Amino acid sequence: MSVSPQDLIRPEVLAMAGYHVPPAAGLVKLDAMENPYLLPPELRAALAERLAAVAINRYPAPSYTRLKQLVRETLGVPAGADVLLGNGSDELITMMSVATARPGATVVAPAPSFVMYDLSTRLAGSTYVPVPLAADLSLDLQAMLAAIERHRPAIVWLAYPNNPTGNCFERADVEAILAAAPGLVVLDEAYQPFALDSWMDALPRHDNLVVMRTVSKLGLAGIRIGYMAAAPRWIAEFDKVRPPYNVSVLDEAAAEFALEHLEVLLAQAARLREDRTSLAAALAAIPGVVVFPSRANFLLVRVGDSTAVAAGMRERGVLIKDVGRMHPLLAGCLRLTVGTPAENAAMLEALRGALAVPSGR
Ligand code: PMP
């Protein structure tokens, strides 16, 4: 007897497209907000030694004591808050979505925002309520407060800075949401090293606040480590949902090493912030390109026919993200990761070529 996926798989999964990651071999890769810089050679050698000493025959120690302590110290987690580690912050999003998925549960987030909030909510069986941003990509506070009042969401997700728009929402708007939300408000600070602004200090003031960070954009996207900080009573519940040994011993050791040398990664982030400024100016000088202000390591630009321009750039060897179909507010937009100066120059050249603007203009 043959059985088909239609017979077994949940309809919402059948209807899903999944998280598509395009192949990047041979291309200048500026589509995924990665840090383009490796650790310097002497640190890579020291890391190799550190990893060689790891007992990979053993399961990870479930407490991850040293890594959590380093997270507390380096990220300034306030006393009284606890820390939970995830296999990337993607897994933390999954854990919070699963733990709150009671029958009828809803989740609110601005739109457009990070797609995994939506995907994780639907996979967990809750209802996702997207609230469009204002035309200037700021929070539509009245619409957010109305959705919170109406849906009483278990979680409000706020990426700070937001992906893919690159802006930080007004702090007063976030405060208003924290005050109005009957459930958790998660401030996702994946791009914090490029914004130099944080909600970590607000944890003692708000029992419903969760702050999430990751090492991915700092230069360690290949190891999968994210962390969240919140009041211990929330962390205790989410920890029950965490798969045992969710962080591998190699990832654990590499993250410890990275946090011990955080100043190197922060210097790379500072470099990227500077280059973001010059890249934004160069982009704005191209006829037909509108650049949105960014506090992240990427720039949102409006170019017209984003699909054709993205294809034209790919033909010229540069991979960026076409977000033009993600949401009406992003019509005609591309998301461009800030790379090395050489990568940025290649990207500008490919963009001019795709737009048929003479080079150097
Ligand atoms: N949050 C936001 C806002 C993101 O943009 C991303 C990655 N694109 C993530 C979380 C996921 O990061 P991680 O690599 O830690 O899973």
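Helix H6 (115-124) gives the largest pocket the biggest share of its lining, 6 residues. Helices here (H or I, at least four residues) and strands (E, at least two) are DSSP runs, numbered from the N terminus. A pocket is an open set of points on a 1 Å grid over the protein atoms alone, with protein on both sides within 12 Å along at least five of seven lines, and its lining residues have an atom within 4 Å of a point. Before going further, note that this is a predicted model, where local features need pLDDT of at least 70, side-chain atom pairs count only at pLDDT 80 or more, and totals for chains, interfaces and linings use all residues. Residues are numbered from 1 along each chain as its sequence is written, and side-chain values use heavy atoms, with hydrogens and water left out.

Back to the pocket. About 1,200 Å³ of space lies inside the largest one, where a volume is the space filled by probe spheres set on the points, and grid points are joined across faces, edges and corners. Its lining takes in 48 residues, and Tyr19, Phe114, Val115, Met116 and Asn163 come closest to its centre. Besides H6, at least two lining residues each come from helix H5 (89-99), E3, E4, helix H10 (216-220) and E12. By residue type, the pocket lining splits into 27 nonpolar, 8 polar and 13 charged. For that count, Ala, Val, Leu, Ile, Met, Phe, Trp, Tyr, Cys and Pro are nonpolar, Asp, Glu, Lys and Arg are charged, and the others, Gly among them, are polar.

Two of those pocket strands, E3 and E4, belong to an open sheet of 7 strands with the order E2-E8-E7-E6-E5-E3-E4 and mixed pairing. Strands pair if DSSP finds at least two bridges between them. At the edges stand strand E2 (82-86) and strand E4 (127-132), each pairing on one side only. From one strand to the next, the twist averages 25 degrees; angles run from 0 to 180 degrees between N-to-C directions, with axes fitted as lines to C-alpha atoms, for helices over the stretch in contact. Strand E3 (residues 106-111) runs parallel to E4, with 6 bridges joining them, and threonine 106 sits opposite threonine 127 in E4.

Most residues other than glycine have a negative phi, and most peptide bonds are trans. The bond from alanine 111 to proline 112 is cis, with omega near 5 degrees, and proline 112 falls in the loop between E3 and H6. Another cis bond links asparagine 163 and proline 164, with omega about 15 degrees; proline 164 is in the loop between strand E5 (155-159) and helix H8 (171-180). Leucine 196 isn't a glycine, yet it has a positive phi of about 55 degrees, in the loop between helix H9 (192-195) and E7.

Among the lining residues are Val71, Leu75, Met200, Met212, Arg213 and Tyr227. Overall that lining has 10 nonpolar residues, no polar ones and 1 charged.

Where they meet, Ala258, Leu259 and Glu260 of H12 touch Leu262, Glu263 and Leu265 of H13, contact meaning heavy atoms within 4.5 Å. This contact holds 4 nonpolar residues, no polar ones and 2 charged.

H13 also lies across E9, E10 and strand E13 (333-337), at about 10 degrees to E10. That brings us to an open sheet of 4 strands, in the order E9-E10-E13-E12 with antiparallel pairing. Strand E9 (290-291) and strand E12 (321-322) are at its edges with a single partner strand each, so one side of each has no neighbour in the sheet. E9 runs antiparallel to strand E10 (residues 298-302) through 2 bridges, and valine 290 has arginine 302 in E10 as its bridge partner. Finally, helix H14 (residues 306-315) lies across E12 and E13, at about 35 degrees to E13.

Note on methods
1 Å grid on protein atoms, 1.4 Å probe; cavity = no way out; pocket = protein on both sides within 12 Å on 5 of 7 lines; lining within 4 Å.
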